[in-house]
Structure formats: C-alpha cells, structure tokens
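Colleague: I am new to reading protein models, and I would like to learn what to look for. Could we go through one together, feature by feature?

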Amino acid sequence: MQQQRGMSMVSVLIILVGVALLLKAAFGLFSMYWDHKMISTVLEKMHSNPDERTEVRPAQLKRIIQERMDSNNIDVDMSGLTFRPAQNGVQMDWQYEMRRTWLGNVDLVVTFTQNQEFSQ
C-alpha cells in the first residue's frame, strides 16, 4: 500500500477559492465600516464648527450633511435621516444601510444607526 503524501491539487484549489472569497468579503465589509467611521467623524466635527452650531433647522442640517458626504465621496441614502425637537435644539436619528456586490447578485448588506443632538 502506498503512503499518502500531502493534499491533492483539487483540495489546494478548493482552499484557495475559499480564501479568495473570504478576502473579497472582508475587503467589502472593511470599506463599508470605513465609510461609517467617516460619517461618524463628519457628524462629530459639525459640533466644532460655529456655523453649524447656530443652524439647527433640519433642512439646513440635512443640506450640510449631504454636502459633506459628497465632498468625502461617501454614497449613502439620506432617506432614513429624521429630525425631532430636543431640549436645546434638534435630535437627529439616521438609520441607513450600505450594500456592496459580493458575487453576481449576492450582496453584502450592513445597517448602521447614527444619533446626534445639535444644540444652539
């Protein structure tokens, strides 16, 4: 009886394809979480700018947020962005999802929630 030595070529190819698919998914997820971090940074920096602190009307805030998303090349759906009155200004609640095509018609989907209070 002959001794078995190592993996067959088919086994190596299957493992390589699996690793490639996992890496493709990891890069797609990383880019979505990077965009989410950029959105969080944009919203945090809005408090340090005196122009945005005085403008607490929802329409103006939405316009400013959209401009900053465009300038940072972040493509995100603004339809889930809602504003409600708060004690000293406006409370923003934003639920959004990001999609990246993984393979063919299979997508990676991640949902995020941002909450921020804009006060005068």
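Predicted model: local features only at pLDDT ≥ 70, side-chain atom pairs only at ≥ 80, totals over all residues.

Colleague: Is Gln 91 buried or exposed?

Modeller: Its relative accessible area is 12%, so Gln 91 is buried. This residue sits in strand β2.

Colleague: Which residues does Gln 91 touch, beyond those up to four places away in sequence?

Modeller: Its partners are Thr 82, Phe 83, Arg 84, Ala 86, Asn 115, Gln 116 and Glu 117.

Colleague: And what about Leu 13: buried, partly exposed or exposed?

Modeller: Leu 13, in helix α1, has a relative accessible area of 48%, so it is partly exposed. For a sense of distance, take Leu 13 and Val 110: they are 97 residues apart in sequence, and their C-alpha atoms are 30 Å apart in space.

Colleague: How much of the chain is buried?

Modeller: Of the 120 residues, 29% are buried.

Colleague: How do I read the overall shape?

Modeller: One way is to set the radius of gyration beside the value for a compact globule. For 120 residues such a globule would be near 14 Å, but this chain has 22 Å. The box that holds the C-alpha atoms tells you about shape too: along the principal axes it is roughly 85 × 25 × 25 Å.

Colleague: Which residues touch the most other members of the largest nonpolar core?

Modeller: They are Ile 39, Leu 43, Ile 65, Met 69, Val 76 and Trp 94, in a core of 22 residues. Two or more residues come from each of α1 (9-45), α3 (58-71), β2 (89-103) and β3 (106-119). Helix α1 gives the most, with five residues.

Colleague: What is Met 69 in contact with, leaving aside neighbours within four places in sequence?

Modeller: Met 69 is in contact with Ile 39, Val 42, Ile 74, Val 76 and Trp 94.

Definitions and conventions. Residues numbered from 1 in each chain as written. Heavy atoms only, no water. Rg over C-alpha atoms; globule rule 2.2 N^0.38 Å. Buried < 20%, exposed > 50% of the residue type's maximum accessible area, 1.4 Å probe, protein only. Core = buried A, V, L, I, M, F, W, Y, C linked by side-chain atoms within 4.5 Å. Helix = DSSP H or I, 4+ residues; strand = E, 2+ residues; numbered from the N terminus. Contact = heavy atoms within 4.5 Å.
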